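Subject: Handing over the structure

Hi there,

Here is the structure I promised to pass on to you. My notes on what turned up follow below it.

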Amino acid sequence: MLNDITFGQFIPTNSSIHRADPRTKLILLVMFIVFAFLSNNAFSLGLMMAFLLVLILLSKIPFSMYLKNLKTILPIILFTSILNALYIKTGAELFSFWIITITSDGVWRAVFMSVRISMLILSSAIFSYSSTPTAITNAIESLLKPLNRLGLESAVHTMAMTMTIALRFIPTLIEETQKIMNAQKARGADMESGGLIKRVKALLPILIPLLISSVRRAYDLAEAMECRCYNGGEGRTRLNKMRYSIMDLIATILFVIVCSFSLVLNILF
Amino acid sequence: MSLLKVSHLSYTYGHGTPFSYDAITDINFEIEQGEIVGIIGHTGSGKSTLVQHLNGLIKPSEGNIFLDGKDIWENPKKISQIRFQVGLVFQYPEYQLFEETVYKDIAFGPTNMGLSHSEIDNRVIGAAEMVGLHRNLLQKSPFDLSGGEKRRAAIAGVMAMQPKIIVLDEPTAGLDPAGRDIILSRIKQYRDTTGSTVIIVSHSMEDMAKTAERILVMNKGKVEMFDTVGNVFSHAELLESIGLNIPQVTQIALRLKDLGINVDNNIYTVEQMKNSLLKLMGRGQKNA
C-alpha cells in the first residue's frame, strides 16, 4: 500500500522534458491545468488529452508508473463521479429508482470531471517525475522572487528550504514506517483486524517510534546543516544555475498554441 | 527431523513490473534444535529478505519453509502464530520501542500472545534478566536508557515471547566493543539456558567466530556455503572473492603459515591464536 505513493519521486530518463528548466515546467503545468479545466466540450478536452498523451510519450517514463499514480486517486475520482451523477437533474432521464435519478447530463458531467481530475494528476506526475525535488523548490523560490521587494526575502527562502526537506524525506519516512510496521508485526501486533478503536490503538506502536525518529532526524539534519555553515538564503550561490534555453522557448510557444486552440474550440462549439 | 527446513525458497521483488528483481533464488538448508547459526553476506546478498521469510513477514514467491515439519504457510490466517514461534529482532531494534516503561515494552509481545498477567510478569522479568537489564530499569522510560541498554530491552521484548527460534539481524551494529560483547555473550547464554535455536545475521566475522557454530554464506541471493565456522573460514579466497573477509586473526595465522611458522589450523579467535602461539613459543624455549 505504501509503495503506491509515487508523489515526489524523480525518475531519471533524461528526456527533453527532464532537461527543460523547472520554472518553465511549473508555469506550463499551471497553464495546462487551467485550460484543461476550462475545456467545456469534448473537442477541446480531447485536444488537451491528446496533448497530454504526447507529453507522456515524450517523458520516456513507463506508462505503468502513471497508471500507479492514477490508481491511488481512484477513490476520489469515483466519489466525485457518483456525486455529479446523483446531483445533476437536468437532461434526459436515464434511470430512476426511489429518490435516485440519473440523467444524461449527470453522466456526462461525471465523465468530464473524472477526465479532468485524471489529467490534473497525470500532468502533475509528468512534472514531479521529470524534476528533482531540488529543482522543484528552486523553481518555486525563483518564481517567488518578486516577493523579495515586499521584504519577504527570508520567508521565501525558508519556505523553499522547508519544502525541499519535506519532499526529500517522504521516501525515507515511507521506508521507516514499513520497517517499524514489520518490527511490531514480528512482535505479534495485529493491524489488519478489529473495529475502528482497536485499529487506531494498533497504530500507536507505529506512530510513536516514527515521531521519535523524525525528531531525531530533524536534530541531526539541523546540526549537519550548521556544520556546513548554513545561515539562510542570503548570499547563497548555486552550483547548478537554472537557465532558460531555446528549448524552453519552443515548449512555451507550443503550449500557448495548443491552449489557444482549445480556447477557440471552447468558443466555437 | 530438523527444526527448521527451508526448501527451494525464491523471492522476487516487484514481480511482473519493470523493476522486478530476484532477491533470493533456490535457497535450501536445515537447522537443528539448539544450534547457533550465523548468516553472512555482502550488502544486498539477500540476508534480510531471507530472515523475513522465516517468520512469515514475506510470503515466498516459490518454495516452502517448514517449522517442525509443518509448512508455515499451510494456514495463512494463522501466520501470526508463526511469528510467536520464530522471533525476529530487526536491525536497530531500539527504534521500535514505544511504551511508557521498559516493562510495558517488553510485555508487548507476550500481551499480543494473550497470556495471563502472571505469565506475562514472569516472562518480562525473565527476559530482562536474560539480557542483563537491572530490575530498577524496568519502570523507567525506554527513552532514558543508554544505547546499549535500549538495544538489550528491544531484544528482551522478542525473547519474552519465548520463541523456538530467535533470529537477530545485525544485533551488534553501531555498538561499542563492550556493548557488542555483552549482547553476544547474553545471546549465547540465552541459548545455553533455554536450548532455543539462534540465528544471527552479521557483517562482522569476529562476531561470527565468537558466537556461531555453523555459518551460512550468502552471495547474490544464493547459498554459497553452509558449514562449520572452521570450514567456512578455511575458504579465505572464496570469501574474499565475494566481498567478505575472514577474521583479522585468521588472516595473520594464514600469513604466518606462509612464512613457515607452524601455527594451528582453524584459528579464528584471538584466544585460539594466543594458545597456539604460547604452545609454539614454549617449544621454542625448550629447543633453545
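A salt bridge here is a side-chain nitrogen of Lys or Arg within 4 Å of a carboxyl oxygen of Asp or Glu. With that rule, there is 1 salt bridge between chain A and chain B. It joins A:R187 to B:D105, with 3.0 Å between the closest N and O atoms.

Before going on, please keep in mind that this is a predicted model, in which local features need pLDDT of at least 70 and side-chain atom pairs count only at pLDDT 80 or more, while totals for chains, interfaces and linings use all residues. Residues are numbered from 1 along each chain as its sequence is written, chains are lettered from A and ligands numbered from 1 in the order in which they are written, and side-chain values use heavy atoms, with hydrogens and water left out.

The interface

Between chain A and chain B, 4 residue pairs are in polar contact, both residues being at pLDDT 80 or more. (A polar contact is a pair of N or O atoms within 3.5 Å; within protein, one must be able to donate a hydrogen and the other to accept it, and residues adjacent in sequence count only if both atoms are side-chain atoms.) On the side of chain A that touches chain B, helix 4 (63-72), helix 8 and helix 9 each supply at least two residues. That side has 10 nonpolar, 4 polar and 3 charged residues. (Ala, Val, Leu, Ile, Met, Phe, Trp, Tyr, Cys and Pro count as nonpolar, Asp, Glu, Lys and Arg as charged, and the others, Gly among them, as polar.)

In terms of contact (heavy atoms within 4.5 Å), 17 residues of chain A meet 21 residues of chain B. The buried area, meaning the accessible area (1.4 Å probe) that two parts lose on being put together, summed over both, is about 1600 Å² between chain A and chain B, and carbon and sulfur atoms give 64% of that. A:N182, A:A186 and A:R187 supply 40% of the area that chain A buries against chain B, more than any other three residues.

Chain A as a whole

Chain A has 10 helices and 2 strands. Helices (H or I, at least four residues) and strands (E, at least two) are DSSP runs, numbered from the N terminus. The C-alpha atoms of chain A fill a box of roughly 65 × 60 × 40 Å along the principal axes.

A pocket

On a 1 Å grid over the protein atoms alone, a cavity is a set of points where a 1.4 Å probe fits but cannot get out, and a pocket is an open set with protein on both sides within 12 Å along at least five of seven lines; lining residues have an atom within 4 Å of a point. Grid points are joined across faces, edges and corners, and a volume is the space filled by probe spheres set on the points.

The second largest pocket has a volume of about 1100 Å³. It is lined by 43 residues, and A:T134, A:A135, A:N138, A:T164 and A:R238 are the closest to its centre. Helix 8 of chain A gives the most to this lining, with 7 residues.

Enjoy looking through it!

Best wishes
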